[in-house]
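Hello,

Here is the structure I promised to pass on to you.

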Amino acid sequence: MPSTMKKIALGALATAAVAAAPASAFTLYSQMPTQAITVTTTVDGTSACTATGITAGADTLTVSWTGATVATDGSLTIKLCYDDSETGSKPWRKYKDAIEKNKQCQQTVVESSALATNVPYSPATYDIAIPRNIAPAKYTVQVLNTDPTNGYTQWGETSCAFSIGTYDRLPSSLVGTMSFLIAFSIVAGTAGYMIDRKKQNAAAAAFR
C-alpha cells in the first residue's frame, strides 16, 4: 500500500509540474501555421540576402515583418538560425520540432537561444547589432509570435540565407608588424640556440 500511495503522489506531482510549465516550452513548429509571418532582413538598406561583407561585431541587422497577429501583452522573439547547409555534419546544430529544443536556431559559441526577446509589434521593424561572438556561417532569421496565455502562436523565417563573417579588430598594418616580429623572434631564437650550442661544444672540447 505505501508503494502504491507513493506512485500516486509522484504522478500527481508530475501532473502539477506539467500544468505549471509555460505553454511555450511544449510548443512545436508543426502545431502552428507554416510561415504565417513574413520576415525580411536588411543591412545598411541592402537586402541581407544580397549584401556582402556582413561582419559580426561591426554590422547591424534590420529585421522587418508582416502578418504577426497582435495579442494582448504579446511580443515577438527573433532568432538567428543556421542555414540547412551549415547543419549536415554538426549534430549540435540539429533541427528539432520543439521550439525550445531546436539547436538550429541557437548559438553555441556563447550559448544563446535568441537574438532578441520581448520585441514590440510596432513599428514592425527592429535593429539588432550582430554579436561579435557569432560563428562565421550562413544564416536565416526567424520571428516567433508569443503571448503569456498561449505561448508561441505564429512563426516565420527569411526565404533566403546570408553569410556573416568574423570581425578582425587588427588593422592590416598591425597584422604585418606582428607577422614580422614573430618571424624575427623565430630567427633570433634559432641563432641564439646555435651560438649557445657552439659555445658548449667549444667548452667541452677544451676539457678533453
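Of the protein's 208 residues, 31% count as buried (buried means under 20% relative accessible area, exposed over 50% and partly exposed in between, using a 1.4 Å probe and protein chains only). Please keep in mind that this is a predicted model, where local features need pLDDT of at least 70, side-chain atom pairs count only at pLDDT 80 or more, and totals for chains, interfaces and linings use all residues. Residues are numbered from 1 along each chain as its sequence is written, and side-chain values use heavy atoms, with hydrogens and water left out.

Now the layout. The protein has two helices and nine strands, in the order α-β-β-β-β-β-β-β-β-β-α from the N terminus (helices are DSSP runs of H or I with at least four residues, strands runs of E with at least two, numbered from the N terminus).

Next, the inside. The largest nonpolar core holds 27 residues, and Val63, Ile78, Tyr139, Phe162 and Ile164 have the most contacts inside it. Such a core is a set of buried Ala, Val, Leu, Ile, Met, Phe, Trp, Tyr and Cys residues joined through side-chain atoms within 4.5 Å. Strands that each supply at least two of its residues include β1 (38-43) and β7 (137-147). Another core, of eight residues, lies apart from it, with Tyr29 and Leu144 among them.

Finally, some backbone details. Ser122 and Pro123 are joined by a cis peptide bond, with omega about 15°. Pro123 sits in the loop between β5 and β6 (125-129), where Ala124 is also found. Ala124 has a positive phi of about 65°, although it is not a glycine.

Best wishes
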